[in-house]
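Keep the structure in view while reading.

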Amino acid sequence: MSNYESAVKRIQSADNIGKLERLERSLDNLYTMGLFSVSEFVKLDCLLMDQYCLLEEATEARNWKLSKYSDQFVKLIEEA
C-alpha cells in the first residue's frame, strides 16, 4: 500500500474533528518531507475538506436531534 492509499484510508476512517485535525498536521509534515507529490497532496486536501464537512453535518444533525428531544421533554414536563 502506498503512502497516498494509506492516507486516503486514514482520512476516511477519521470519526471526529480532533482526529481529522491531527491527521491534517501529520499529512502536512509528510508532504514537507517529500512523501507526497503536489497532485497527491491536493487530492488529500480535498478529501480532508469533504470529511470535515461530513463530520460537521453529522454533529449538527446530532445536536438538532438532541435539541428536538430536549424541547419535547420540556413540553412533557410542563404538561405534567
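Helices here are DSSP runs of H or I with at least four residues, numbered from the N terminus. With that in hand, Leu20 is placed in helix H2. The model is predicted.

Q: Which pattern does the protein chain follow along the sequence?
A: The secondary structure of the protein chain consists of three helices and zero strands. Read along the sequence, the pattern is α-α-α.

Q: Are H1 and H2 roughly parallel or roughly antiparallel to each other?
A: The axes of H1 and H2 lie 10 Å apart, and the packing angle is about 165 degrees. An angle over 145 degrees counts as roughly antiparallel. H1 and H2 are therefore roughly antiparallel.

Q: Which residues in H2 do Ala7, Arg10 and Ile11 in H1 meet?
A: H1 passes H2 in a left-handed crossing. On the H1 side, the residues are Ala7, Arg10 and Ile11; on the H2 side, they are Leu20, Leu23, Ser26 and Leu27.

Q: Does Leu20 count as buried or exposed?
A: Buried means under 20% relative accessible area. The relative accessibility of Leu20 is 0%, so Leu20 counts as buried.

Q: What separates the C-alpha atoms of Leu20 and Leu48?
A: Leaving aside neighbours within four places in sequence, Leu20 is in contact with Ile11, Ala14, Leu48, Gln51, Tyr52 and Leu55. Leu48 in turn touches Ile11, Leu20, Glu24 and Leu27, not counting residues up to four places away in sequence. Leu20 and Leu48 are 28 residues apart along the chain, yet their C-alpha atoms are separated by 7.4 Å.

Q: What share of the accessible surface of the protein chain belongs to carbon and sulfur atoms?
A: Of the 80 residues in the protein chain, 16% are buried. The accessible surface comes to about 6100 Å². The share that belongs to carbon and sulfur atoms is 56%.

Key:
Residues are numbered from 1 along each chain as its sequence is written. This is a predicted model: local features need pLDDT of at least 70, side-chain atom pairs count only at pLDDT 80 or more; totals for chains, interfaces and linings use all residues. Side-chain values use heavy atoms; hydrogens and water are left out. Helices (H or I, at least four residues) and strands (E, at least two) are DSSP runs, numbered from the N terminus. Buried means under 20% relative accessible area, exposed over 50%, partly exposed in between (1.4 Å probe, protein chains only). Accessible areas come from the Shrake-Rupley method with a 1.4 Å probe; for residues, only the protein chains shown count as cover. Contact means heavy atoms within 4.5 Å. Axes are lines fitted to C-alpha atoms, for helices over the stretch in contact, and angles run from 0 to 180 degrees between N-to-C directions. Angles under 35 degrees count as roughly parallel, over 145 as roughly antiparallel, 65 to 115 as roughly perpendicular and the rest as oblique. A crossing is left-handed if the near helix is turned anticlockwise from the far one by less than a right angle, and right-handed if clockwise.
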